[in-house]
Amino acid sequence: MEYKPNKEIIVKRIAKMFANGDLVNLGIGLPTQVGNHLPDGVTILLQSENGFVGLGPVPEKGAEDPMLVNAGGMPVTLLPGGAYFDSAASFGIIRGGHVDYTVLGVLQVDQHGNLANYMIPGKMVPGMGGAMDLTVGAKTVITATTHFEKSGEAKLKRNCTLPLTAGNAVNYVVTDLGFFEIADGKFILREYFAPYTVEYILSNTDADIVIPDDCREVTL
Amino acid sequence: MIEKKIISAEEAAGMVKDGDTVMLSGFMACGSPPDILDALCEQETKEMTLICNDTAIYNVKTGDMNGVAPLIHKRQFSRVIVSHIGTNPETQRQMNEGETEVELVPQGTLAEQVRAGGAGLGGILTPTGVGTEVEEGKQVIDIDGKKFLLEKARKGDIALIKAGTADKAGNLTYDKSSRNFGPLMATACETVIVEVDEIVEIGELNPECIVTPGFFVDYLVQTRGTK
């Protein structure tokens, strides 16, 4: 079977996890796209780490306001009912356990729930920004990533080798192959995404993966 | 109510001395004072320490820079304390080649350190960074079975802030997401200079809506409107 990266399937699956009224923080990059795939009837409140809740869609061309940007510095809008606050309040919300879900990108994630997503020593040192606080503080941490690096190696590991963003903090990993929960030092494969199979995932991922009885194939 | 002195961006930049610790509001330049930064770049003040969320944006392909990025380019800071340098490859280069000392701090920790600096606290206890490289060299304190890092408070010599509207007493409201570190930094520095879009008469701002009370502010600068 040939692997083809499929980012859309990742964000579509994650978007199904939320319930009405959840307070959610979406990381920069792939996680940001989760907001575009919410099921009908589900309304969530998006928090932006740079200081507001009620993050709305990208403005129409020409209507951008340089004083209203998201955590990636890109122009956004505020929904009616939104609110601004300073950075201490913003991270009080994040660290204080008030954010129901955060969705973050991945360099490596391991079966113990350790996440590395902020630097590759000697190569890429962007800094952690708000990622460490989000990983530590959000009630549920979801990581979103293509299953493999460009080299073909799985990003799901037995043990992270890159500097950690946070230890023992990740609850779920959603890749373009499947939906994994992390518990008791193992990945638990809850769903695998057609056309991939359990066997394909197991033989291409060097980590402890449990296959529960109710593990199921899902087409998204 | 005593009115604050309204000064030019050049006069404001002139108050920053070589070697000063400068707190700069802004998140990828959204909320950084553009005219004061232009003047500070022009005056070539050196050996400063920067405390800011990030070092703004430098686009290598186009050469475009915003916020504090031109000052980074001219190497006006010997030390940079920020949460993120991913959008400014020049900061990364200076760090990797040992030209500038760069300390990366989790954003929530940085915000609380500045708040603590202005609130008379010695520091804060945070779970952020436990078990990571951020923990190195720091005291780990166990509270009811949970580990926290002791992160010391931060203070500065001078705060350079962008706000939306000031009244002549220095009371401030901000403009959308440009608020970020401004209200915190206004409390944590010896001298506080605020560049604003608009200056109104005392009494025109609703006291219920003022974010930074005017007594924190030393000087106001009327922006030229470049945003």
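Chain B has an average pLDDT of 97, and 99% of its residues score at least 70. The structure is a predicted model, with an ipTM of 0.97 and a pTM of 0.97. Where pLDDT is low, predicted coordinates should not be read in detail.

**Contact between the chains**

Chain A and chain B meet in a contact to which chain B gives 37 residues and chain A gives 32 residues. On the side of chain B that touches chain A, the elements giving two or more residues are α4, α5 and α6 of chain B. The table lists where these elements lie.

| Element of chain B | Residues |
|---|---|
| α4 of chain B | 89–96 |
| α5 of chain B | 107–118 |
| α6 of chain B | 182–185 |

Of these, α5(B) supplies the largest share of the side of chain B that touches chain A, namely five residues. Sorted by class, this side of chain B holds 15 nonpolar residues, 15 polar residues and seven charged residues.

**A sheet in chain A**

In chain A, three strands make up an open sheet with mixed pairing, and their order is β7-β6-β9. Strands β7 (115–116) and β9 (156–157) of chain A are the edge strands, each of which pairs on one side only. Strand β6 of chain A covers residues 108–110 and pairs with β7(A) in the antiparallel sense, over two bridges. Within chain A, Gln108 (A:Gln108) stands opposite A:Ala116, a residue of β7(A).

Definitions and conventions: Residues are numbered from 1 along each chain as its sequence is written. Chains are lettered from A and ligands numbered from 1 in the order in which they are written. This is a predicted model: local features need pLDDT of at least 70, side-chain atom pairs count only at pLDDT 80 or more; totals for chains, interfaces and linings use all residues. Two residues are in contact if their C-beta atoms, placed from the backbone, lie within 7 Å. Helices (H or I, at least four residues) and strands (E, at least two) are DSSP runs, numbered from the N terminus. Ala, Val, Leu, Ile, Met, Phe, Trp, Tyr, Cys and Pro count as nonpolar, Asp, Glu, Lys and Arg as charged, and the others, Gly among them, as polar. Two strands pair if DSSP finds at least two bridges between them. pLDDT is the predictor's confidence in each residue, from 0 to 100.
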